[in-house]
Amino acid sequence: MELDVNSRKRRIGRGNIQDYRRELDMQYGILKTTYNIGDSIKVEHQLMSLRHLPFCAMSLVKISATKDVMLTPMSVIEALII
């Protein structure tokens, strides 16, 4: 997922986030990532393995704004050929 905040020319990436945390729950197969974008946006992303479908996962994204912002989330699927 990519985020565009307030129509900036550059998208949100490693240089724009704070308080980046990751937590892996092996019992339930969930990778939880949380981070803040400035003091205006909090993002929580969960990636869950689908045990009945090999090589598949479900992604849940929760975006909370603490100030008025214009947010454009984009779903991007990429495949790398090595």
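This is a predicted model: local features need pLDDT of at least 70, side-chain atom pairs count only at pLDDT 80 or more; totals for chains, interfaces and linings use all residues.
**Exercise 1. Tyrosine 20**

Solution. 
- Step 1. Apply the cut-offs: under 20% is buried and over 50% is exposed.
- Step 2. Tyrosine 20 belongs to strand β2.
- Step 3. Check the side chain for polar partners. It makes a polar contact of 3.2 Å with the side chain of arginine 22.
- Step 4. Valine 69 is 49 residues away along the chain, and the two C-alpha atoms are 21 Å apart.

**Exercise 2. Threonine 33**

Task: Classify threonine 33 by accessibility and find the side chain that it joins through a polar contact.

Solution. 
- Step 1. Threonine 33 sits in strand β3.
- Step 2. Its relative accessible area is 6%. The cut-off for buried is under 20%, so threonine 33 is buried.
- Step 3. The side chains of threonine 33 and arginine 22 are joined by a polar contact of 3.3 Å. Arginine 22 also has a side-chain polar contact with tyrosine 20.
- Step 4. Beyond four places in sequence, threonine 33 touches Tyr20, Arg21, Arg22, Val43, Glu44 and His45.

**Exercise 3. The largest pocket**

Task: Give the volume of the largest pocket and describe its lining.

Solution. 
- Step 1. The largest pocket holds about 470 Å³ of space.
- Step 2. Its lining has 16 residues, and Met1, Tyr20, Thr33, Tyr35 and His45 are the closest to the centre.
- Step 3. Assign the lining to elements. β1, β2 (17–25), β3 and β4 each give two or more residues.
- Step 4. Sort by class. The lining has 10 nonpolar, 3 polar and 3 charged residues.

**Exercise 4. The core and leucine 3**

Task: Identify the residues of the largest nonpolar core, then follow one of them, leucine 3.

Solution. 
- Step 1. The core has 7 residues: Leu3, Val5, Ile12, Tyr35, Ile37, Ile41 and Val43.
- Step 2. In soluble globular proteins, nonpolar side chains tend to be buried together.
- Step 3. Go to leucine 3, in strand β1. Its relative accessibility is 3%, so it counts as buried.
- Step 4. Trace its contacts outside four places in sequence. Core members Ile12, Tyr35, Ile37 and Val43 are among them. Its contacts also include Arg11, Ile63, Leu71, Thr72, Pro73 and Met74.
- Step 5. Compare sequence and space. Leucine 3 and histidine 45 are 42 residues apart along the chain, with 13 Å between their C-alpha atoms.

**Exercise 5. Valine 69**

Task: Where is valine 69 found, and which residues does valine 69 touch?

Solution. 
- Step 1. Valine 69 lies in the loop between β5 and β6 (71–74).
- Step 2. Its relative accessible area is 26%, so it is partly exposed.
- Step 3. Val5, Asn6, Ser40 and Ile41 are its contacts, not counting residues up to four places away. Val5 and Ile41 belong to the largest nonpolar core.
- Step 4. Serine 40 is 29 residues away in sequence, yet its C-alpha is 7.5 Å from that of valine 69.

**Exercise 6. Positive phi**

Task: What is phi near in aspartate 19, and what is phi near in phenylalanine 55?

Solution. 
- Step 1. Start from the rule. Most residues other than glycine have a negative phi.
- Step 2. Aspartate 19 has a positive phi, near 55°. It is in strand β2.
- Step 3. Phenylalanine 55 also has a positive phi, near 65°. It is in the loop between β4 and β5 (57–65).
- Step 4. Phenylalanine 55 has 90% relative accessibility, so it counts as exposed.

**Exercise 7. The whole chain**

Task: How many helices and strands does the protein chain have, and what share of its residues is buried?

Solution. 
- Step 1. The count is 0 helices and 6 strands. Along the sequence the pattern reads β-β-β-β-β-β.
- Step 2. Of the 82 residues, 18% are buried.
- Step 3. Among contacts with a separation of 6 or more, 33% join residues 24 or more positions apart.
- Step 4. Along the principal axes, the C-alpha atoms fill a box of roughly 40 × 30 × 20 Å.

Notes. Residues are numbered from 1 along each chain as its sequence is written. Side-chain values use heavy atoms; hydrogens and water are left out. A nonpolar core is a set of buried Ala, Val, Leu, Ile, Met, Phe, Trp, Tyr and Cys residues joined through side-chain atoms within 4.5 Å. Buried means under 20% relative accessible area, exposed over 50%, partly exposed in between (1.4 Å probe, protein chains only). Contact means heavy atoms within 4.5 Å. On a 1 Å grid over the protein atoms alone, a cavity is a set of points where a 1.4 Å probe fits but cannot get out, and a pocket is an open set with protein on both sides within 12 Å along at least five of seven lines; lining residues have an atom within 4 Å of a point. Grid points are joined across faces, edges and corners, and a volume is the space filled by probe spheres set on the points. Helices (H or I, at least four residues) and strands (E, at least two) are DSSP runs, numbered from the N terminus. Ala, Val, Leu, Ile, Met, Phe, Trp, Tyr, Cys and Pro count as nonpolar, Asp, Glu, Lys and Arg as charged, and the others, Gly among them, as polar. A polar contact is a pair of N or O atoms within 3.5 Å; within protein, one must be able to donate a hydrogen and the other to accept it, and residues adjacent in sequence count only if both atoms are side-chain atoms.
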